Every structure is written in C-alpha cells, then in structure tokens.
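Please look through the sequence and the model below before reading on.

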Amino acid sequence: MEHMQRIADKLNKLREQDTDFEIFGADSHKYKMNPVLTEAKIKAYEEKNNLTLPEDYRWFLMNIGNGGAGPCYGLYKLSNPKYKEDYPFVNGQMFSIIKNEEGVDYTDLKSEEWGLRQCVVQRKSEQGTIKICTEGCGMEIMLVLKGKEKGAIWFTDFGNESGLFSIDSQTSEDLCSMTFAEWYEMWLDDALDGGGFNVSDYLLFDDGLTQIEVTKEDIEEYLALEEKEKK
C-alpha cells in the first residue's frame, strides 16, 4: 500500500503547512483524525454487514483514522451501509432528478407524488453505500460497498434536486468513478497548492443525463420498507 503511505505523508505535510486552517473546511476538522480501528473491529463490521470494505479505505481506517481530516468538512466515522436491506449499489450511471433526457420536468408533478418519487430515487441511489463526507447544502459524498461499483466514490445532491454524479477518474479503468484513495489524494494535492477544493468541481456532467424510472410498485415497495425499518 505504498500509495496509501504517500497519502499519510501528504496529510502530515498539509497539517504542518495550513496552521491557520485557511483551506475550506479545515476549521471544522483542524486536521485531526479519530482513533484508528483495529482489525478485529473491522472484521466484526464486515461480518455484521456481509461485505468486505474496499482495500484502500480499510487501510485508511486501520492506519490513519476512523474519520476526521479530509475533503470539505472532513470524513465521517465508519457507518452502516444504506439501507438495512441487503441491496447493492445498482446505478453505475449518472442521472438528473429534475429533467430526463426528453426534457420532462418532474417538478411539475403534484407535490406529494414528487416527494415520494424523490425518496424512491434517493433510496435506489444510496443503497449499498455509506456516506463519508458532506460538501454542505445537501451535497453528499458516498463510498460504494456493494455492487459492481464497489470501491468507487459517487456524489449525490438531493438537497438541491440535482441527482447522482460520478467523479472523473484518471487511474481507474474498471469503475465509473474514482476510488477513495484517488479522491482523498486529489484533495490533499489541491490543498497543498492552496486550492479551495470542492468535489462538485470535478464531477462528470453529461447532456444526456437519464432519469431513473419510478413505478407504482417501486413506491409501494419503498413505503413498505420504510414501515419495516421503523419497527
């Protein structure tokens, strides 16, 4: 994991360089890390959730910290994947919530129908993932733990009704979006250069963004699962 040690060295360099916390979000985490997790705790988490963590993220948790210093307002602690049902991340493609490729504006729907539809789309987009960071204003960064995009970082913006987006990767050929290590090191490099890193600046956009189809059955399933998880 030579590249992960390089990330640890860059974090120490940034900690020494930005003593006034001028980088965006640094005044929130102040470059501090939470205590690392033991191998035993990570194995217990993996067994409980029937998964294995991406190798780079697993190394980070065991050697650098369980949340703390990171892009935007910092990294969250390791959390249980969304949702309780054993669902993998299934999208693997970007989409827009507001308009589909035919230009249909879904905000014209009745408010109750629109609200339910957005909840279904959000659930479909977040299943099999954990949220690891926020850019604020409803913009979240997720790490995929299950499905063909396992190990990839995806960006969601449901607070502003925008959608799901991948982050342009320069190294990964197998994933539609960049890995945790690539994303974290990109923030470090930008911060060491004095930049005001925002994940949204690196998103891939496509004029032909699709709309996730939501059927009556999807809405009924969503409501049933929500009721089940309240118990």
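**The nonpolar core and a helix pair**

In the largest nonpolar core, which has 43 residues, the members that touch the most others are Leu53, Tyr57, Ile132, Phe180, Trp183, Tyr184 and Trp187. A nonpolar core here is a set of buried Ala, Val, Leu, Ile, Met, Phe, Trp, Tyr and Cys residues joined through side-chain atoms within 4.5 Å, where buried means under 20% relative accessible area (1.4 Å probe, protein chains only). This is a predicted model, in which local features need pLDDT of at least 70 and side-chain atom pairs count only at pLDDT 80 or more, while totals for chains, interfaces and linings use all residues. Residues are numbered from 1 along each chain as its sequence is written, and side-chain values use heavy atoms, with hydrogens and water left out.

Tyr184, leaving aside residues up to four places away in sequence, touches Ile7, Leu11, Met33, Phe60, Ala69, Gly70, Pro71 and Leu75, contact meaning heavy atoms within 4.5 Å. A second, separate core has five residues, among them Met142, Val144, Trp154 and Leu164.

Helix H3 (residues 39-49) packs against helix H4 (residues 55-63) at an angle of about 140°, with the axes 10 Å apart; helices are DSSP runs (H or I, at least four residues) numbered from the N terminus, and axes are lines fitted to C-alpha atoms over the stretch in contact, with angles running from 0 to 180 degrees between N-to-C directions. H3 contributes Glu39, Ile42, Lys43 and Glu46 to the contact, and H4 contributes Arg58, Leu61 and Met62.

Key:
Helix = DSSP H or I, 4+ residues; strand = E, 2+ residues; numbered from the N terminus. Buried < 20%, exposed > 50% of the residue type's maximum accessible area, 1.4 Å probe, protein only.
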